[in-house]
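Me: Hi! Could you walk me through a structure I'm looking at? I'll paste it here.

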Amino acid sequence: MLQPFEKHPDFVVRQAHPFNAGPPPRLLSQSYITPTNLFFVRNHGDVPEVDIHSYRLQINGRVLRSLSLSLEDLQDNFERVNISATLQCAGNRREELMALESIPNELGWGVEAISHAVWSGAKLRDVLAEAGVERETDLPLHVEFGGLDQVERHHKQFRYGGSIPLGKVLSPEVILAYEMNGEPLTSVHGFPLRAIVPGYIGARSVKWLDHITVQNEPSENYFQRHAYRLFAPHVRPETVNWADGVMLGEMNVTSVICSHDENERVLPGPVTVQGYSMAGGRDIARVDVSCDGGLTWIQAELFNDATCWAWTFWKANFKLAPGNYQLVVRAIDTAANTQPQDISQVWNFKGYMNNAWHRVNIKVG
Ligand SMILES: Nc1nc2c(c(=O)[nH]1)N[C@H]1C(S)=C(S)[C@@H](COP(=O)(O)O)O[C@H]1N2
Ligand SMILES: [Mo]
């Protein structure tokens with residue numbers, strides 16, 4: 001099938017308008033660096049067409065000098081850096097939460113709302129240094145990213161946006177990216193410029209950047225104040241107090257099986273189980289894999305590119321006689337954070353941050 005935005009023929013489209021889609025898990029786990037035509041796409045509105053000649057990024061708010069930068073200004077005047085970083089949507093694995101209790105009006109992602117790329121651009125801290133962040137305040141400042149795309153929610157039209165704390169912005173991994181895997185950004189991934197905030201939920205890596213505003217408070221944008229908040233499992237839309245939720249930022253530790261589909265039939269003998277794991281800003285220390293629903297575990301072999309902003313690929317070999325098996329994976333990061341055992345422990349009515357043990361049932365024989 002011919003896919004929009006030059007995506008792979010096997011790309012799985014969850015929603016056509018706006019375009020939301022991702023790769024089949026097996027293909028995802030075949031390349032450590034996700035080819036751009038397989039990189040998942042999460043859009044809240046239609047992809048804006050940006051005229052590169054008139055394009056300017058505005059930098060304003062609590063800065064000494066407001067800036068208005070063309071793409072060329074940004075490329076010519078700031079050091080170019082490459083960051084190997086994995087983006088993961090906070091809604092990754094929502095499908096499993098939905099199986100426990102329905103989550104209306106949200107996308108039912110499987111395990112494919114995650115991908116890895118090498119991003120090139122300017123460090124945001126270098127650009128903000130040029131603007132001169134006001135320092136006379138002891139308040140923890142926030143940096144808002146505004147996008148050019150129009151979104152509709154509750155019959156209101158507005159632009160996508162979000163923010164991160166200034167402390168994170170000053171870290172060298174946060175960049176304004178104009179290239180992805182050595183090519184200019186494609187339209188669907190944010191051409192001409194996007195934020196890349198490694199270790200944070202994908203929602204903060206704002207595409208089609210229009211402005212960056214240094215301010216006293218987190219962004220007032222719907223996607224910061226309302227959406228992307230985490231509530232306790234007992235909270236429901238009817239009982240929610242929106243101010244109570246945790247404003248999501250850093251990603252948690254997770255791991256996923258990509259090599260097998262639910263209820264897949266495999267031949268007896270050697271079975272290789274493979275997948276990814278990830279922790280927001282920490283290294284993965286260990287990945288445990290079980291073939292008996294979590295009664296016994298073996299340690300997987302790990303592979304990553306040695307930065308904590310990148311996912312870790314893992315692999316474990318079993319020898320299986322005919323029968324029914326439940327494959328399970330769990331990861332442990334270098335701070336010994338690990339994953340909750342059951343979906344019920346992480347269920348929340350918006351369906352974010354599912355990092356329960358990942359389970360896949362297979363039949364051997
Ligand atoms: N302007 C804008 N930026 C955005 C979004 C969006 O809808 N509009 N979606 C966000 C979300 S929720 C995610 S998970 C990532 C996905 O990035 P990708 O589409 O390049 O994979 O982009 C983020 N940046
Ligand atoms: Mo997302």
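Me: Where is the place of Lys168?
Reply: Lys168 sits in helix H5, residues 166-169. Helices here are DSSP runs of H or I with at least four residues, strands are E runs of at least two, and both are numbered from the N terminus. This is a predicted model, where local features need pLDDT of at least 70, side-chain atom pairs count only at pLDDT 80 or more, and totals for chains, interfaces and linings use all residues. Residues are numbered from 1 along each chain as its sequence is written, and side-chain values use heavy atoms, leaving out hydrogens and water.

Me: Is Lys168 buried or exposed?
Reply: Lys168 is buried, at a relative accessible area of 11%. Buried means under 20%, exposed over 50%, and partly exposed in between, with a 1.4 Å probe and protein chains only.

Me: Which residues is Lys168 in contact with, leaving aside its neighbours within four places in sequence?
Reply: Those are Glu173, Val174, Val197, Pro198, Tyr200 and Trp309, where contact means heavy atoms within 4.5 Å.

Me: New topic: what is the strand order in the open sheet?
Reply: The five strands go S4-S3-S12-S7-S8, with mixed pairing. Strands S4 (67-69) and S8 (156-165) are the edges, each pairing on one side only. Two strands pair if DSSP finds at least two bridges between them.

Me: And how many bridges join S7 to S8?
Reply: Nine, and S7 (residues 142-153) runs antiparallel to S8. As one pair, Gln150 has Arg159 in S8 as its bridge partner.

Conventions:
Chains lettered and ligands numbered in written order.
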